[in-house]
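Here is a friendly briefing to read with the model open beside you. Take it topic by topic, and find each residue on screen as you go.

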Amino acid sequence: MIPITHFLIVSTLMFFTGIYGFLTRRNLITILMSIELILNSVNINFVVFNRYLYPGQLQGQFFALFIVAIAAAEASVAIALIINIYRRFTSIEVDDVDEMKY
Amino acid sequence: MENSVFMFYLFSGTILFFSVLTVTSRRILRAAVFLLFALVATSGIYFMMNYQFLAGVQLSLYAGGIVVLIIFSILLTHHISYKFERPPFLNLSLSLLVAITGAGLSIFTLVTFPFQKPESIPVSVNMQVIGRQLMGTGQNGYALPFEVISILLLAAMVAAIVIAKKGQGNRDKGRGTRD
């Protein structure tokens, strides 16, 4: 049996890779992809805690399912917004979309 | 036993390798394909834990749905051979510092925390149990979050259509304020 810590280390590294991408990327779609990485690593955490610490119930699995549904909703709204921004500014770089900033 | 250890290192290595490539690749379409590989390897980890239903949802919804949506929007908004500029050095090193510090702190906490062995006996995860609990209202029932998520999804779909719709009036209004 693989110890629980190994799974948690993998998901931690995936989470902070997502954070790194979120901070360095300057394009809306790649930022969205970093957010998907973060959500996915949290999902791994839920499932691993469910399997290793509370195997008598299924809370972790259901929360992971709900997170997947929320991620789908979030991605669809975000992409609709990105397409609208592209129509307006013909660019989706974060630096170009600062009309409401000042 | 030996087999599952090998599969674990294969999946986790795939996840980490392709996650790093996703956030560092300078071609956006390749980044999306690397994200797809990372998500598929994650569903492999769910299969290892015997959560077959969740692994199927991960494959069909995440890898099949969200990645295809992202690739569609990339194709709509970018030229296919578009290449990013490198981020500025200061930005890059500060983000790396934040990520490494956070990961180091979290991993230190994880390694030193005493996880306890479970007392409860494992339940078998078959489709009947999942369906009963998802629609149940009593003990271990998840009917309320299920319904809330359904309404959220419906609202998000309607909102996405309304926002992305190529409305004539919407467009004219935008033009009017800009000119």
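This is a predicted model: local features need pLDDT of at least 70, side-chain atom pairs count only at pLDDT 80 or more; totals for chains, interfaces and linings use all residues.

**Chain A overall**

- The radius of gyration of chain A is 17 Å, whereas a compact globule of 102 residues would have one near 13 Å.
- The C-alpha trace of chain A spans about 55 × 25 × 20 Å along its principal axes.
- Buried residues make up 49% of the 102 residues of chain A.
- If you take the contacts in chain A between residues at least 6 apart in sequence, 46% of them join residues at least 24 apart.

**Where chain A meets chain B**

- Chain A gives 57 residues to the contact, and chain B gives 68 residues.
- On the side of chain A that touches chain B, the elements giving two or more residues are helix 1 (4-24), helix 2 (28-53) and helix 3 (59-89) of chain A.
- Helix 3 of chain A supplies the largest share of that side, with 21 residues.
- By type, the residues on the side of chain A that touches chain B are 39 nonpolar, 14 polar and 4 charged.
- Beyond its neighbours within four places in sequence, Ala69(A) is in contact with Ile149(B) and Leu153(B). Ala69(A) counts as partly exposed because it has 18 C-beta neighbours inside 10 Å.

**Helix 1 of chain A against helix 1 of chain B**

- The axes of helix 1 of chain A and helix 1 (residues 2-24) of chain B come within 9 Å and cross at roughly 5°. Angles under 35 degrees count as roughly parallel, so helix 1 of chain A is roughly parallel to helix 1 of chain B.
- From helix 1 of chain A, the contact uses Val10(A), Leu13(A), Met14(A), Thr17(A), Tyr20(A) and Gly21(A). From helix 1 of chain B, the partners include Ser12(B), Ile15(B), Leu16(B) and Ser19(B).
- The residues of this contact divide into 8 nonpolar, 5 polar and no charged.

**Helix 1 against helix 2 within chain B**

- Helix 1 of chain B and helix 2 (residues 28-48) of chain B pack at an angle of about 155°, with their axes 8 Å apart. Angles over 145 degrees count as roughly antiparallel, so helix 1 of chain B is roughly antiparallel to helix 2 of chain B.
- The crossing of helix 1 of chain B past helix 2 of chain B is left-handed.
- Among the residues that make this contact are Phe8(B), Phe11(B) and Phe18(B) of helix 1 of chain B, and Phe34(B), Phe37(B) and Ala41(B) of helix 2 of chain B.
- The contact divides into 14 nonpolar, 6 polar and no charged residues.

**Two positive phi values**

- Thr90(A) has a phi near 50°, a positive value in a residue other than glycine. Thr90(A) sits in the segment after helix 3 of chain A, and it is exposed, with 9 other C-beta atoms within 10 Å.
- Asn140(B) is not a glycine either, yet its phi is positive at about 55°. Asn140(B) is found in the loop between helix 5 (127-135) and helix 6 (143-164) of chain B. With 14 C-beta neighbours inside 10 Å, Asn140(B) counts as partly exposed.

Conventions: Residues are numbered from 1 along each chain as its sequence is written. Chains are lettered from A and ligands numbered from 1 in the order in which they are written. The radius of gyration is taken over C-alpha atoms; the globule rule is 2.2 Å times the number of residues to the power 0.38. A residue is buried if 20 or more other C-beta atoms lie within 10 Å of its own, exposed if 12 or fewer, and partly exposed in between; C-beta atoms are placed from the backbone. Two residues are in contact if their C-beta atoms, placed from the backbone, lie within 7 Å. Helices (H or I, at least four residues) and strands (E, at least two) are DSSP runs, numbered from the N terminus. Ala, Val, Leu, Ile, Met, Phe, Trp, Tyr, Cys and Pro count as nonpolar, Asp, Glu, Lys and Arg as charged, and the others, Gly among them, as polar. Axes are lines fitted to C-alpha atoms, for helices over the stretch in contact, and angles run from 0 to 180 degrees between N-to-C directions. Angles under 35 degrees count as roughly parallel, over 145 as roughly antiparallel, 65 to 115 as roughly perpendicular and the rest as oblique. A crossing is left-handed if the near helix is turned anticlockwise from the far one by less than a right angle, and right-handed if clockwise.
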